[in-house]
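Let us walk through this protein fold step by step. Keep the sequence and the 3D view side by side as you read.

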Amino acid sequence: KTPATCDTMNETTILLSGDPKAQPDFLATVEPAIPRQPPFTLPFELVFDGYTREPWSSGKIDQNGDGGDQKQQQRRPQHGTMDWQSCYLVSTDGRDRLPGFMKYLQGRKKAAVAKFEATDALPSSSPSKAILVVPHDPPPIPIEQLPDGVDKGRVMFVKYLRDEKLLKKDDNGVRKLHQQKMMAQQQQQQQMIKEKQQQMQHNRPKPQKKIPTQPAPSRKGGGGGLLGNLLGAQRRTENHLHTVRASKSSNDANFDPTVGAAGCINAFRSKISADLETFKSDPAAFTTKIAISLTSLVKSVPAEERDRVTMDVFKFAVYEQVEEVGMDKWIAAKEPTGFMDESTITIYKEGHCPPEVMEDINKGEIPDEMKGEMRHLAEAQSKAIQRKGKVAEGDVLKQSNTMRESTILNTNKRDRRTLEEIQRDMHGGDEAKRGRYE
């Protein structure tokens, strides 16, 4: 037994599962390396069946990014009240699969997550599980603390949280801070809008008094003429332009983005953003549904503005927030409904979209030209099959008519001789026959 191995009671078999219905694949058999007696206990078999990019999955324990002292790494609070513990595991199976696994995580910048029953979970009436994380950005390996004969390529850094409820509590705190920040931003925007409206009202140009237009002098008086008529028309045009500018500036000053159609759309977008942030922060949730009811959403919108608030506007807002929050990695699919004013959109996280949904989405993205070609090809094949069927039916019909019209000769002939000729033939023999045919 080399110094890099220890008792098999501390060994853990790590499996990978990309699909809950499929059989997990073997990754490695590991045991603690630094420290040899970690502050937590791992089960005999562990399955990594999830991935995440949440901030709590990062391996940077210190602010400066290095690993720090090992005693500080073993237990250090992060993200509020959560207590993360860490250690280094070394592979003992000799298959050297850990470097490829770490390269996979680093290339996609995500961490692997496994959940299992722990002995040191928080006391609670509801069952809970511990979390083990393999970060894609682990701290540097303290080579001087590794046992003799252990290659750093066989070493893997892991983080341990004794109860997932601690993670959910911390996410609730982060979510509350995010909501408070959003409310503060909205209040600040409203305050800026009010200040801008007051400034525009203060700087609004006062309506000028109409310049009385003098009637053009008659030709008999000897003044005015064509030049006077042009000057009068120019004055009247200026007066009309001043009136239009004043009405337009008053309409801009009275615009409020929190009421009417604009307020309805902004409120819906804020609600969808908060729901998607909650869905993103939950590592155990992979799908969510967003229901859109046009009737309930436009209740507060005035009747003259309801033509600007349509189902397409709300669906566009959902797709926009899915792309923004999911960083272009989530899939949003609209479910079929039987109503025009109701719609349901299902959002799938990366790697959890069913293949039939992806097939329907890909079908919907076929260009119109390709759809026309496919329809033309199907019609041509159908016509060819119909022509072949008609030709075969014609051949069968012709064959049956030919068989029906054919007759059999030399059978069932009528004897046209008289009785005398028959008796003569019977008594005369061959001579009578020769007489008949001569």
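**From a surface lysine into the fold**

Start with Lys289, which is exposed, its relative accessible area being 55%. The model is a predicted one. Lys289 has a salt-bridge partner in Glu335, and their closest N and O atoms are 3.2 Å apart. This pair ties together distant parts of the chain, since Lys289 sits in strand β10 and Glu335 in strand β11, 46 residues apart. Glu335 is partly exposed, with a relative accessible area of 26%.

Now look at the sheet around that pair. It is open and has 3 strands in the order β10-β12-β11, with antiparallel pairing. Why do β10 and β11 each have a side without a neighbour in the sheet? Both β10 (287–293) and β11 (331–335) stand at the edges, so each has a single partner strand. From one strand to the next, the twist averages 25°.

Follow the pairings next. In general, the strands of a sheet pair through backbone hydrogen bonds, either parallel or antiparallel. Here β10 pairs with β12 (residues 342–348) in the antiparallel sense, over 7 bridges. Take Ala291 as a landmark: its bridge partner in β12 is Thr344. On the other pairing, β11 and β12 are antiparallel over 5 bridges. There, Ile331 has Tyr348 of β12 as its bridge partner. A hairpin of 6 residues connects β11 to β12. How enclosed is β12 by the rest of the structure? It is largely enclosed, because 5 of its 7 residues are buried.

Helix α7 (residues 311–325) lies across β10, β11 and β12 and runs at about 10° to β12. Lys315 counts as buried at 17% relative accessibility, whereas Asp312 counts as exposed at 54%.

The other helix is α5, and the loop between α5 and β10 holds Asp282. At 29% relative accessibility, Asp282 counts as partly exposed. Which residue sits 228 positions from Asp282 in sequence but 9.3 Å from it in space? The answer is Glu54, with the distance taken C-alpha to C-alpha.

Move on to strand β7 (residues 111–116), where Lys115 lies. Lys115 counts as partly exposed, at 27% relative accessibility. Beyond four places away in sequence, Lys115 touches Lys129, Ala130, Ile131, Glu164, Pro283 and Ala284. Arg162 is 47 residues from Lys115 in sequence, and their C-alpha atoms are 10.0 Å apart.

Another lysine deserves a look. Lys159 lies in strand β9 (residues 155–161). Is Lys159 buried or exposed? It is buried, yet has no salt bridge. The nearest side chain of opposite charge belongs to Asp137, 7.5 Å away. What does the side chain of Lys159 reach at 2.8 Å? It reaches the backbone oxygen of Trp56.

A parallel pairing comes next. Strand β1 (residues 12–16) runs parallel to β3, and 4 bridges join them. Leu15 stands opposite Val47 in β3. The two faces of β3 (residues 45–48) can be told apart. Leu46 and Phe48 form the covered face, while Glu45 and Val47 form the uncovered one.

One more charged pair remains to be visited. Asp425 and Arg417 meet through their side chains in a salt bridge, 2.5 Å from N to O. Asp425 is buried, with a relative accessible area of 9%. Arg417 counts as partly exposed, at 28% relative accessibility. The structure holds 6 salt bridges.

Finally, step back to the whole chain. Its secondary structure comes to 11 helices and 12 strands. Of its 438 residues, 29% count as buried. How far along the sequence do the contacts reach? Among those between residues at least 6 apart in sequence, 70% join residues at least 24 apart.

Methods
Residues numbered from 1 in each chain as written. Predicted model: local features only at pLDDT ≥ 70, side-chain atom pairs only at ≥ 80, totals over all residues. Heavy atoms only, no water. Pairing = 2+ DSSP bridges. Axes fitted to C-alpha atoms, helices over the stretch in contact; angles between N-to-C directions. Contact = heavy atoms within 4.5 Å. Buried < 20%, exposed > 50% of the residue type's maximum accessible area, 1.4 Å probe, protein only. Lys, Arg positive; Asp, Glu negative; His and termini not counted. Salt bridge = Lys/Arg side-chain N within 4 Å of Asp/Glu carboxyl O. Polar contact = N/O pair within 3.5 Å; in protein donor to acceptor, adjacent residues only side chain to side chain.
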